[in-house]
Number of protein chains: 2
Amino acid sequence: MDLVNIRDLFRSKDEYLDTTVTIGGWVRSLRNSKNFGFIVVNDGTFFEPVQVVFSNVLENFEEVEKLNVGAAIIVTGKLVATPEMKQPFEIQAEKIEVEGASTPDYPLQKKKHSFEYLRTISHLRPRTNTFEAVFRVRSLIAYAIHKFFQERDFVYVHTPLITGSDCEGAGEMFQVTTMDLANVPKNPDGTVDYTKDFFNKPTNLTVSGQLNGETYAMAFKNIYTFGPTFRAENSNTTRHAAEFWMIEPEIAFADLEDDMILAESMLKYIIRYVLENAPEEMAFFNNFIDKGLLDRLNNVVNSDFARVTYTEAIEILEKHNDKFEYKVSWGADLQTEHERYLTEEIYKRPVFVTDYPKEIKAFYMKMNEDGKTVAAVDCLVPGIGEIIGGSQREDDYDKLLARINELGLREEDYEFYLDLRKYGSARHAGFGLGFERCVMYLTGMSNIRDVIPFPRTVNNCEL
Amino acid sequence: MDLVNIRDLFRSKDEYLDTTVTIGGWVRSLRNSKNFGFIVVNDGTFFEPVQVVFSNVLENFEEVEKLNVGAAIIVTGKLVATPEMKQPFEIQAEKIEVEGASTPDYPLQKKKHSFEYLRTISHLRPRTNTFEAVFRVRSLIAYAIHKFFQERDFVYVHTPLITGSDCEGAGEMFQVTTMDLANVPKNPDGTVDYTKDFFNKPTNLTVSGQLNGETYAMAFKNIYTFGPTFRAENSNTTRHAAEFWMIEPEIAFADLEDDMILAESMLKYIIRYVLENAPEEMAFFNNFIDKGLLDRLNNVVNSDFARVTYTEAIEILEKHNDKFEYKVSWGADLQTEHERYLTEEIYKRPVFVTDYPKEIKAFYMKMNEDGKTVAAVDCLVPGIGEIIGGSQREDDYDKLLARINELGLREEDYEFYLDLRKYGSARHAGFGLGFERCVMYLTGMSNIRDVIPFPRTVNNCEL
C-alpha cells in the first residue's frame, strides 16, 4: 500500500505541504459538528498525531462521524499548513476509508489511565502516549548501543541462553527441562535421572553471558553481548524482573581505566542519540513523567565522570552516617542510599567507585596488590545509583585457580575459563549494563514493568 | 592502554606507515633464524594478521624466539611498507612485551583442524581463521538487520522469552520451572501443582515472538523482533539447533505484496552490507568453504526475485517429478528438493512462492477468496531453499475466531490476539527469518553448529 508515515510528514514537511497524501492510522479522538469534524490520527511512527478535517462532502460522512476511538482508517487529502494553530499542519480529507472499526467499549478512551490498569492490557498499552514514547525510546536505546559498539568494530556475540552450569553463582536460576513434571524419571537412589532430559544433564537459563563473552574477547579483542538474562528471585519490587536484557562488553589488552573510559563514552553516546532522535518523546517525559529528566541527562553528557576508590568513598560517607538508614563501614556493600548520596550530593555528577573489598565481589575480579581489594568498578548516576558494574578480570592462572578453590567452586566447571589464562592470557576487563535499568534512567519511568513490553515477574507471565 | 587495532593499520594505512605503532595480539605463527625472526600476529579486529620482524637487538630476544603459538604479546615498532611482499606492510619490532605465554600443548597449532574437533573447544575456535570469519560476519549480519529496520523507522520490540502458552502450536517446547524436580509438588489428584511454581502456572520457552509482535505492529505500524527462540525437537541434523535467533518484522496497513517487497529489500541490504564490510572474510569463504558463494550472493543482489503461486509451482514441478525423491502433488508441502529445483533450475534466482493450501499453514494466515489457500509466502534462494516464511495475517475477527475453533485451539489463549481484530483491525503482514540460516547462507557454512558460538543441540549444552 502506498502510504506516507506521519513521521515523514513532520520530518520532511516542506516536501509534502500542499500535496495530496495518504496515511493509515488509528483514531485517537474525534469531535464533530453538524457538517464537519476533526479526527486526531496517530500511526505509531511519530509521537505527534496529525489532525484530519473532514466534512459532509465525504460519501461516507455518516460512517466517519460515528467512528469510535481506536478505529483504523486510511485518509487521503491535502496537507495544509496551519500557522495559526499549535500543530504545524492538518490533512483536509478527500477520502476516508474505514480499515477496521472499533467499539464503544474500547479500553483506551480519551482519558488518563493508571499505569497499573494499563499493565493489565499490555497488548494495547503501546497505543497510549506514555507507552508509545517508552517503547520507541527503548528501541532507539537498543540501536544506539549496537551502533556505538559496531562503529568501534566490536564483535557482537550471542552468548547462550540455556546453560549447563551456574557460572557466576549469581542468584537463583530457572531450570529448563523437557521431562514430564508429573512423572520425573528417577534413578534407583531417588535422584532425578537427567540422562532422560533433553541435554542429558541439568540445565538453567543464563544469569550472565560474561564468562562466555570473555572467551570471545580473547579472540576478537573487543566484543559485546546484548541478550536476555534471567533471575528467579522471589522479589516483588519496582526494579526487578525475572527476564531482562543485558549488555556486557569485554575488552582485551585493557585494564580498569580502559573499562571506565568505555563505560563513560557509551553512556554519553546513548543519551545523545536518544536526545537527538526522540526529542518529542524526551520532552514528554520531562513534562509529564520526571520533571528534572532533561537537566539530569544533559548534566551527564556534559560532565567528566568523577572517580573515587571504595575506601575513599567510605571515608567520605562515614562523615554523613547520620543521614543513612544503613550506616556505612569498610567492608560492607554500598546501599542505594549511599550510592545516590555520593553521586547526587557529593559529586553532583556520575561517579566511578573502584577497588572494592574482594569479599563483596565476584571470584573472577582481578586482585589488587593490597591483597584486600579487587579491580572492580561501579558507575553511579544521579537519580538511580548504580547503573553499571564491571571489573578487570583476574588474568593470572594461579591466582584465579586459588580463588576458585578458596570459594569452593568446582574447578571442572571452569576449565574453559582457566584455559584463557593458560593460552595467551591478556589483561582484560568488561562491564554489565542492565538494559531495562538504562531505559528507566533515560525515560524517568519508575517501574521496570512499564519499560518491558510483556514483563515477567513473580506470579506474572501474561501473553 | 594505547594500542592500535590491526584493522586500523589496514584501513588507514597511509596514516600509520613509517610511524611507530603499538599493537597487542596473539601469535599465530613464529619462525626464527639465528639472529632474527618473524611472528604473525592477529589481534582479532581484522581478518588479516600482521607480520612482525624482530632481531637480537631486542633485550628479551631469547624469550621472544621461544614463544609458543597462542601467546599474547604487545609489539612496538615502525610500520614499514613491503611493496615486494604479499602483505602490504610489516612491523619492525623495537620492543616486544610478553603479555601472556602459551604452551606447546596449545590446541590450535598451525595446522588444519576439522570442524568436528573445533566444536569440542568452542571457547578457542574463534581464534582460527574460519571461525574468526564466521563470527565477525555473524556480528555484521546482526547489525545490518538492525540498521535496515531502524533506518526505516521500525520499532525494535523485545518479545518475551518465557511464555505462558504454546501460541503457535509449533513443535515441542522447553519447560521453565523453579520447582524441585526431585520432589515436584502435586495436587491430590496427582497432577502437578503449578501454584507452587514461580509464575503460578506452567511456562515454556518461546517458539516465536510473532503474536506478541503483532500487538505492537497495531500500535507502531512497523516493528521487528530480533531475539532467541527455542525448539525442543529431538532432531540431530546439520540445520536444527535447540536455541537460535529469529527476526520477525510485522507491518500494518500492509498486505502480502508489501511483505515481499520488505523481505526482498532486507535480504539484498544484508548481503550488500556484508560484502562491503567484510570483503576479506567473504573472499575467504568463497575460496575455502564454498566456491560459488560470491557469484550466488551477487546474483541475489542483482536479481528481481521471481513470483509464483503454490498452485503454479506444483504444476511446474509435476513435470519434473521423475527427478524427486518425494513426488509433488497439490496439497502437500514442498520439500527442500522441490524448493531448490524451483529456485536453482527453473528461475535461477530467488523466488517467492505464495498462496499455499490452508491445511499446511498456520491458523493466523489470511484466507484467500478461493477459501482453499491462504496469503502465505515462502522465499526460496539458490543453495538453500526456504530462507524466509511469512504471511498476511487474518484481520477479520469472525474468520479468525472460526479458524481457532475449527482447529480446536483454546479461544481464551487468543483473547488478546482477537482484540487486535476488534479494536481498529488493519491489514497486516510479517515474516520470520531464521538468523542462523541467514548466517549459513552468507558464509557457505553447512552445519548450524558452526555458526553459533556455543550451540545447543540434543544432548549437547557445553560451556
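Predicted model: local features only at pLDDT ≥ 70, side-chain atom pairs only at ≥ 80, totals over all residues.
Chain A is superposed on chain B by a rotation of 180°. The shift along the rotation axis is 0.0 Å, and the RMSD is 0.0 Å. The two copies are therefore related as by a two-fold rotation axis. Within chain A, the residue closest to this axis is A:V176, with its C-alpha at 2.4 Å. Of the interface residues of chain A, 100% are also interface residues in chain B, so the copies meet through the same surface.

Two packed helices are described by the angle between their axes and the distance between the axes. In chain B, helix α6 (residues 210-220) packs against helix α13 (residues 415-422). The angle is about 30°, and the axes lie 10 Å apart. Angles under 35 degrees count as roughly parallel, so α6(B) is roughly parallel to α13(B). Their crossing is left-handed. Helix α6(B) contributes B:Q210, B:L211, B:E214, B:T215 and B:M218 to the contact. Helix α13(B) contributes B:F416, B:Y417, B:L420 and B:R421. These contact residues divide into 5 nonpolar, 2 polar and 2 charged.

Most residues other than glycine have a negative phi. B:K221 has a positive phi of about 70°. This lysine is found in the loop between α6 and β10 (222-230) of chain B. B:K221 counts as buried because its relative accessibility is 5%. B:K348 also has a positive phi, of about 55°. B:K348 lies in the loop between α11 (336-346) and β13 (351-357) of chain B. At 53% relative accessibility, B:K348 counts as exposed.

Notes: Residues numbered from 1 in each chain as written. Chains lettered and ligands numbered in written order. Heavy atoms only, no water. Least-squares fit on C-alpha atoms with pLDDT ≥ 70 in both. Contact = heavy atoms within 4.5 Å. Axes fitted to C-alpha atoms, helices over the stretch in contact; angles between N-to-C directions. Helix = DSSP H or I, 4+ residues; strand = E, 2+ residues; numbered from the N terminus. Parallel < 35°, antiparallel > 145°, perpendicular 65-115°, else oblique. Left-handed = near helix turned anticlockwise from the far one by under 90°. Nonpolar A, V, L, I, M, F, W, Y, C, P; charged D, E, K, R; others polar. Buried < 20%, exposed > 50% of the residue type's maximum accessible area, 1.4 Å probe, protein only.
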